[in-house]
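Please look over the sequence and the structure below before reading on.

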Amino acid sequence: MYTIRSYEKVKTLEEAYELNQKKTSTIIGGGLWLRLGNRAIGTAIDLSELGLDQIEETEDAFIIGCMTSLRTIECHEGLNRYFHGMMGEVMKGIVGTQFRNTATIGGSLYQRFGFSDPLTAFLALDTTVELYHAGEIPMARFVTMDYDRDILVRIRVKKNGGQAAYQSFRNTKTDFPVLTTAVSRADGRWQIAVGARPGRAALVEGTEALAAEPSEEEIRAFAAKASETLVFGSNMRAGKAYRKVLAEVLIERAVRDVLHTAISSER
Ligand SMILES: Cc1cc2nc3c(=O)[nH]c(=O)nc-3n(C[C@H](O)[C@H](O)[C@H](O)COP(=O)(O)OP(=O)(O)OC[C@H]3O[C@@H](n4cnc5c(N)ncnc54)[C@H](O)[C@@H]3O)c2cc1C
C-alpha cells in the first residue's frame, strides 16, 4: 500500500509538470499499479480535471487522452471500426471489465511494461506520443526511452488506410501474457511488434522483405526469420525457446488476420 502526504487536483498541465519535478511526486492514473507498491508519495498529482479522458476522432487520426480508460478504448466504436475490432482483442485479456474501467492508457504506456498489451498494439500502428516537456515523438522512440519526470498527455494514432491485427497468448485467462504480437500493413509496408519477450515490445526488423500480398510459404519463412532476429528471455511464465516458437506462430497468425481483414473490407 502507498501513502500520500498531499493530493493535488491540478488545473493545468504546467502545474502538473512543475509538481512532478520533485522526486517524491507521482502522477496518479487509475492507481492500480501504484497500489501494489509501498511508496511514500509526497504529492499525488491528479489529472482528472483536465479533460484527458476522451478519444477524439478527426479526419486523419484518433487522439486519445492519457486518462482514458482501457475499457473506453476497448469499446470505442470509431477505433474498432477503423482497426476492425483490434482494440477489443488487445484489451480483452487484461484482468477484467472493472479493472479496465479504471486502468488508464497513460499509466499503461508510461510504465512501458514488457508485458503490456497496449504498448505492443500501438507500436505496430502509426502512433505518436505527446509528452508535456519533450513534445510529440514516435512510439518507436518512446518505447526505448528511459523513465524521466515528463507527463504523457495524449497519443495520436494516424488513420493511414492500413489494416491491423493483434494476437497474444496467456497460460491462463486474466494472467499476464506470455507473448504479444501486433501487425499492421499500410501502403504495402508491414510493421510488426512483439512484446512480453518478456522485455519491452520491439519492432521486427527487415519487414520490407515481406511482400504486400505474401503467399503462405512466404509468411511462414518470414515469421521463422523474424523470430530468429528478436531477443527473447525466460521468466516464470515461459522459457526463451518456447517464446521463440510462439512468436513464429503468432506472427504468422496476425499476418494472415491482416490479409483476411483486407479481403473482407473490400467486399
Ligand atoms: C494485477 C494486474 C494485472 C495486470 N495485467 C495486465 C495485462 O495482462 N496486460 C497489460 O497490458 N497490462 C496489465 N496490467 C497493467 C494495467 O493494465 C495498467 O497498465 C496499470 O495498472 C497502470 O495503469 P494505471 O492507470 O493503474 O496507472 P497507475 O498505477 O496510476 O500509474 C502507473 C505509473 O504510471 C505513472 N503515470 C500514470 N499516468 C501517467 C501519465 N499520464 N504521465 C506520466 N506518468 C504517468 C504513475 O506515476 C505510475 O508511476 C496489470 C496490472 C495489474 C495491477
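How much space lies in the largest cavity? The answer is about 50 Å³. The model behind this value is predicted.

**The cavity**

- The structure has 1 cavity of 30 Å³ or more.
- Its lining consists of Phe 83, Leu 125, Asp 126, Asn 160, Gly 162, Gln 163, Ala 164, Ser 184, Arg 185 and Ala 186.
- Sorted by class, the lining of the largest cavity holds 4 nonpolar, 4 polar and 2 charged residues.
- Strand S9 (163–169) and S10 each contribute at least two residues to this lining, and S10 has the largest share with 3 residues.

**The largest pocket**

- The volume of the largest pocket is about 1,100 Å³.
- Its lining is made up of 47 residues, and those nearest the centre are Trp 33, Gly 107, Ser 108, Gln 111 and Phe 113.
- Of the lining residues, 23 are nonpolar, 15 polar and 9 charged.
- At least two lining residues come from each of strand S2 (26–28), helix H6 (105–110) and helix H7 (117–124).
- H6 gives the most to this lining, namely 4 residues.
- Domain 1 (3–43) and domain 2 (55–266) each provide at least three residues of the lining.

**The second largest pocket**

- The second largest pocket holds about 330 Å³ of space.
- It is lined by 20 residues; Leu 125, Asp 126, Asn 160, Arg 189 and Gln 191 lie nearest its centre.
- Two or more lining residues are given by each of H7, strand S6 (127–131), helix H8 (139–142), strand S10 (179–186) and strand S11 (189–195).
- The lining of the second largest pocket splits into 9 nonpolar, 6 polar and 5 charged residues.

**Helix H7**

- H7 supplies residues to the lining of the largest pocket and also to that of the second largest pocket.
- H7 is mostly covered, with 8 of its 8 residues buried.
- These buried residues are Asp 117, Pro 118, Leu 119, Thr 120, Ala 121, Phe 122, Leu 123 and Ala 124.
- At the start of H7, the backbone nitrogen of Leu 119 has a side-chain oxygen of Ser 116 within 3.1 Å.

**The two domains**

- Contacts between the domains involve 15 residues of domain 1 and 15 residues of domain 2.

**Val 10**

- Val 10 sits in the loop between strand S1 (3–9) and helix H1 (13–20).
- Val 10 counts as buried because its relative accessible area is 0%, and buried means under 20%.
- Setting aside residues up to four places away in sequence, Val 10 touches Glu 15, Ala 16, Leu 19, Ile 45, Asp 46, Leu 47, Glu 49 and Leu 50.
- From Val 10 to Met 139 there are 129 residues in sequence and 26 Å in space, C-alpha to C-alpha.

**Glu 252**

- Glu 252 belongs to helix H10 (residues 240–266).
- The relative accessibility of Glu 252 is 13%, so this residue counts as buried.
- Apart from neighbours within four places in sequence, Glu 252 is in contact with Ile 219, Arg 220 and Ala 223.

Definitions and conventions: Residues are numbered from 1 along each chain as its sequence is written. This is a predicted model: local features need pLDDT of at least 70, side-chain atom pairs count only at pLDDT 80 or more; totals for chains, interfaces and linings use all residues. Side-chain values use heavy atoms; hydrogens and water are left out. On a 1 Å grid over the protein atoms alone, a cavity is a set of points where a 1.4 Å probe fits but cannot get out, and a pocket is an open set with protein on both sides within 12 Å along at least five of seven lines; lining residues have an atom within 4 Å of a point. Grid points are joined across faces, edges and corners, and a volume is the space filled by probe spheres set on the points. Ala, Val, Leu, Ile, Met, Phe, Trp, Tyr, Cys and Pro count as nonpolar, Asp, Glu, Lys and Arg as charged, and the others, Gly among them, as polar. Domain bounds come from an automatic or database domain assignment. Buried means under 20% relative accessible area, exposed over 50%, partly exposed in between (1.4 Å probe, protein chains only). Contact means heavy atoms within 4.5 Å. A polar contact is a pair of N or O atoms within 3.5 Å; within protein, one must be able to donate a hydrogen and the other to accept it, and residues adjacent in sequence count only if both atoms are side-chain atoms.
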